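Dear colleague,

Please find below the structure that I am handing over to you. My findings follow directly after it.

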Amino acid sequence: MTQVRPGAAASASLWERDEEVTAVLRAVETLCADQSSRGGLLMFQGEAGLGKTALLAETRRIAEERGCTVWSARGGEILRSVPFNVVRQLLQPALISLMPEEAREYLGDWYGIAGPALGIADPGDRHADPQGVCDGLVAAVSRLAGREWPLVLLIDDAHWADEETLRWLAAFAGRLKELSVLVVVTRRPGEVDGAGAVLLDQVAAAAGVRTLTTLSPEATAGLTRSALGPHADAAFCREVWAVTGGNPYETVELLAKVRDSELPPVEARAGELRELNRSARGGGLVARLEELGIDATRFAWAAAILGTGISVDLVARLATMSREDALRCAELLRGARILTAPDPATAPAGDELEFVHPLIATAVYDSIPDALRTAMHGIAAQVVADSGLGAAAASRHLLQVHPDDDEELVEQLRQAAREHLAVGAPDAARRCLERALLEPPPPELRAHVLYELGCATLLTAPATTIEHLHMALSMPGLDGDTRVDAVWRLSQALLHNNQLHEAVRTVEAEAARHEPGPTRLRLHAVQYMWEGLHAGEAVSPDRSERLAALAANCTGRDNSERALLILRGFDAMTRGENAEEVVELCDRALVNGRLAPGLGWTDTEWGIELLLMLASAYAYCDRLDRAEALYNEGLRAYERAGWSGGHLALAHAYVGLGHRRRGRLKEAEASLRESLRLAERVGRGLPLYWTATCNLVDTLLARGHVEEAWEVAERYEFAPPYPATIVIPDPRSVRGRLLLATGRTEEGVSELEAAEKAAAVRGHHNPVMVPWAADLARALAGEDPARAASLAADVRRQAERFGTDTAIGEALRCAAALETGRRAVRLAAQAVAYLEASPCQYEHAAARVEYGIASRSAAELDRGLALARSCGADGLAARARQVLESVRG
């Protein structure tokens, strides 16, 4: 049992907390041992009043005694709707203390991304990517940790933290092994649900939760005698424990009431403890507040409505009283242990007061009559807005106001939603717009509010977006470019919700409403883009012919025409048409060799899909320099903009694809693993997840790491059923190759035959992008040589039609593998000649090794071995080395 401590009222919650305090001591000592020491994460869990806040206070004392920098924050029950509230409390004071140029220096590229969320920088013009903002906050703390070492972060009442803070905390918890930071978190169990509960559970899993228990009768007796004197008899102490249930906070409050009432701590007076306890909590607390007078009650109510940023001036305005009266009330409430002055080291800027305990704040807030509470929130919104804090800060109050057909309130909520989106808080924006619909908005604005709501939920809830945008488009109000943009976003949401056919029909129907011109052309381009991404049966059998006819008249004079040229070039590439013509189409879509304004990677009018089609058309036409320039430009653009979600995952995947095509297999593997890490955060089953997994498996097979490729396929569910959108390269072909490599020949042949049927239905005849035929021919060479030869002949015919050195060289490699003797040597030599001119160095290395084996040439094997090593193709290098030793022997 913890022994009696000085100042028992202040430290009551530390009684019987030896294990918890010891854990804190060890964690702080580990942190302070060395600047390169690993960080730590502690979480204390317990019901209200069990001493979580006191443990954090003790942590602060221990840490500061050892020279640590300590930052702290606390969640608030009525503040959960305020995005970034808790993380702002945590970081904002330290960042504001820096000069603006210092803050920019420490945060670097993350300043413009995380700065608006932290309230230290103005937001940009675009909607911020929530995942990018989260990553920016992680980076901000990581960089500040190096400056402030040893750094301790304290977060109290995390169950009441906003979802944006919890998302950052869950991400940051995963980085603590790399950082010298100690994070200590407290929470109540069962106070949060939904996404917040999942995030908080992730933090708990990383920390290992320590659950606080109530005080024993012995500890309660020691605390009672420490507070009231050693003469408190045993029966009285036992009744204190029975009345409070051993809850430290309630025990301290009850003992304070005993002192105030001068109740003797003897058995004969123990029966009065229950009545005293009732006056110290719940309804008793409210009665005690009312005893202080109507002005003090109004002041306390106003403070509870504000919740944070409780200054005498703001409370006075909200409670409609003079500053002198407000100061008098504040002093009364301090004396009654309802309000207190916050610790200057932990209080946010502008805070002059805070509630002594969250239980008191909740009791006061709940005591406000419902109608009055609603009215006070409305006044608070105006007070906050008039103070220059902005519509977003006022929005949490507006959300509590009853609908009243107020057009001005609708506009305030729309403005608040725009501010929330600008800092990366789409859930907060959604709440504002949903509330605006309840007001309701005027009929002529309702479609616009629904459209804005659809835009706010596009990244987080495609199904909800579809509902809102369908409704917006079904009513009058959306016209011109806004309506077309709504149709575009609706089609995007349908695509992401695996409703591709409906996405196509939606755009097609809208196009029919317009006369021939730029708008109609743009809608046709979107229609063809979604059809081009479909991996199943073609939406219409003559799609390619219609697209070719439409693109034939395009000169690239605007972005709609440029989009159609890109789509035509990509379609021609997948169908295996002449590569030079494909490149010519793609070149016409550029302006002086660069992307046109409005078609950049972060421009939202067209989306990432179109640019990936452009770059991939170049990649498979042996124009890897142009493809890689585009892939890397996209990656840099997303990193600069702080887009850390699906866009960045796809960018890394396609950079990896560029490395794989070039033959830089180690670099390809690194990029693809990073892509898969990011894709995991976005969600499994999405097209970007398949792209990362498929390319990683393909790269590992090229490296000769077959077991690792199989393990990746198993772990990330790289198996049928395949997604509705196309994946590059063809996943059936890659999985078939994987099955053959692992000795599952029958399954591999079946998978490659399925790839054959899927490619025939879609008209995909590019033998490099959909390479099933060459692998199937090799697999059938022994048991069905006639079919194998037929397949090899088809591959060569398609390769010559396509016309790239890589396609023809790969076709000759396949043909050589089916032959023996001088014919095999001749075909292998021809394959080397073509692939030497190709930019694909891995395929060149493989052709060299195969030619060396067929010709028994040590010189060719030496060259093949050197190329394989430079590519990182370990399996190919091992094979070349083995045969080379045999030839030389």
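Glu836 is partly exposed, because its relative accessible area is 42%, between the limits of 20% and 50%. The model in which this value was computed is a predicted one. The partner of Glu836 is Arg848: their side chains meet in a salt bridge, with N and O 3.0 Å apart. Glu836 belongs to helix α42 (residues 821-836) and Arg848 to helix α43 (residues 841-855), so the pair ties together parts that are 12 residues apart in sequence. Arg848, at 4% relative accessibility, counts as buried.

Other residues are joined into a network. Salt bridges that share partners link Glu531, Arg543, Arg568, Asp571, Arg575 and Glu577. One of the pairs among these residues is Arg568 with Glu577, whose side chains form a salt bridge at 2.9 Å from N to O. Both Arg568 and Glu577 are buried. The total for the protein comes to 60 salt bridges.

A further salt bridge lies within a single helix. Arg796 pairs with Glu800, and their closest N and O atoms are 3.3 Å apart. What separates these two residues along helix α40? Arg796 and Glu800 are four residues apart in α40 (residues 785-802), which means a separation of about one helical turn. Arg796 is partly exposed, at 29% relative accessibility, and Glu800 is likewise partly exposed, at 46%.

Gly174 is found in the loop that runs between helix α8 (163-173) and strand β4 (181-187). With a relative accessible area of 58%, Gly174 is exposed, because the cut-off for that class is over 50%.

The surface also carries a patch of negative charge. Which residues gather there? They are Asp404, Asp405, Asp406, Glu407, Glu408 and Glu444. Asp404 is placed in the loop between α20 (391-398) and α21 (407-422), and at 61% relative accessibility Asp404 counts as exposed.

Some overall values complete the description. The protein has 889 residues, of which 56% are buried. Its secondary structure consists of 45 helices and seven strands. The C-alpha trace spans about 110 × 75 × 50 Å along its principal axes. The accessible surface amounts to about 35700 Å², and carbon and sulfur atoms contribute 50% of that area. Among the contacts with a separation of 6 or more, 67% are between residues 24 or more positions apart.

With kind regards

How values were computed. Residues are numbered from 1 along each chain as its sequence is written. This is a predicted model: local features need pLDDT of at least 70, side-chain atom pairs count only at pLDDT 80 or more; totals for chains, interfaces and linings use all residues. Side-chain values use heavy atoms; hydrogens and water are left out. Patches are made of residues with over 30% relative accessible area and no salt bridge: like charges are joined within 9 Å, nonpolar side chains (Val, Leu, Ile, Met, Phe, Trp, Tyr) within 5 Å. Accessible areas come from the Shrake-Rupley method with a 1.4 Å probe; for residues, only the protein chains shown count as cover. A salt bridge is a side-chain nitrogen of Lys or Arg within 4 Å of a carboxyl oxygen of Asp or Glu. Lys and Arg count as positive and Asp and Glu as negative; His and the chain ends are not counted. The place of a charge is taken as NZ of Lys, CZ of Arg, CG of Asp or CD of Glu. Buried means under 20% relative accessible area, exposed over 50%, partly exposed in between (1.4 Å probe, protein chains only). Contact means heavy atoms within 4.5 Å.
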